[in-house]
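Subject: Structure handover

Hello,

Here is the structure I promised to pass on. Please take a look, then read my notes below.

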Amino acid sequence: MTASHHNIPSPPAATLINGSNSGGFMPMRRHRMMMHMSFFWSHSAEVLFTGWPGPDRPAMYAISLVFVFLLGVLVEWLSHSRLIKPGTNIVTAGLLRTCLYTVRSGVSYLVMLAVMSFNGGVFLATLGGHAVGFLVFGSGVWKKSGGSGTERPSDLPPMRCG
């Protein structure tokens, strides 16, 4: 006789606690915020970390928006930076490029996770951070005109989706 996964009973809605007097099980009670699957507008949201900024804390929500905005700017700065000096040993330059790429990837994933809160304010803060970061570091608005046209590219390859 083979057992089907349909015949397996679901586990009890409790957490095993070692050494408890309740037969080893204690009911879990946690406050859970509603998980949105479409964009919503509210200052009561969780962004990146459980309980942060928390419900009914508009000042902390504003701080979280500034944080996400700055993460977007940081991604653009890393994408357009020229931190490795010309003439650096090729192995050292490769290791530095790998470190920069890893940091940029990590920060990009943090931004993605923040947007997955489906909060409209977080989404707009993310877009604003990327826009300002690109304007300052990638658009060339503040570069001197009349350059030789032989400017070296950024240290990292462009970000790609997919």
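**What I found**

Leu135 is partly exposed, with a relative accessible area of 40%. Here buried means under 20% relative accessible area, exposed means over 50%, and partly exposed lies in between (1.4 Å probe, protein chains only).

A word on the basis. This is a predicted model, where local features need pLDDT of at least 70, side-chain atom pairs count only at pLDDT 80 or more, and totals for chains, interfaces and linings use all residues. Residues are numbered from 1 along each chain as its sequence is written, and side-chain values use heavy atoms, leaving out hydrogens and water.

Back to Leu135. This residue sits in helix H3. Setting aside neighbours within four places in sequence, Leu135 is in contact with Val141 and Trp142 (contact means heavy atoms within 4.5 Å). Glu76 is 59 residues away along the chain, yet the C-alpha atoms of Leu135 and Glu76 are separated by 9.2 Å.

Now the whole chain. It has 3 helices and 4 strands, in the order β-β-β-β-α-α-α. Helices (H or I, at least four residues) and strands (E, at least two) are DSSP runs, numbered from the N terminus. Of the 162 residues, 23% are buried. The chain exposes about 11900 Å², and carbon and sulfur atoms supply 67% of that; the areas come from the Shrake-Rupley method with a 1.4 Å probe. Take the contacts between residues at least 6 apart in sequence: 60% of them join residues at least 24 apart.

Which helix does H1 pack against at about 35°? The partner is H3 (residues 120–137), while H1 covers residues 58–80, and their axes are 7 Å apart. Axes are lines fitted to C-alpha atoms, for helices over the stretch in contact, and angles run from 0 to 180 degrees between N-to-C directions. By class, this contact of H1 with H3 has 12 nonpolar, 8 polar and 1 charged residues. Glu counts as charged, Gly as polar and Leu as nonpolar. On the H1 side, the residues include Tyr61, Phe69 and Glu76. On the H3 side, they include Gly121, His130 and Phe137.

Last, the record. An unreviewed UniProt entry lists residues 58–78, 90–116 and 122–142 as "transmembrane region"; such annotations may be inferred rather than shown by experiment. In the model, residues 58–78 are 100% helix, with end C-alpha atoms 30 Å apart. Residues 122–142 are 76% helix and 0% strand, and their end C-alpha atoms lie 28 Å apart.

Best wishes
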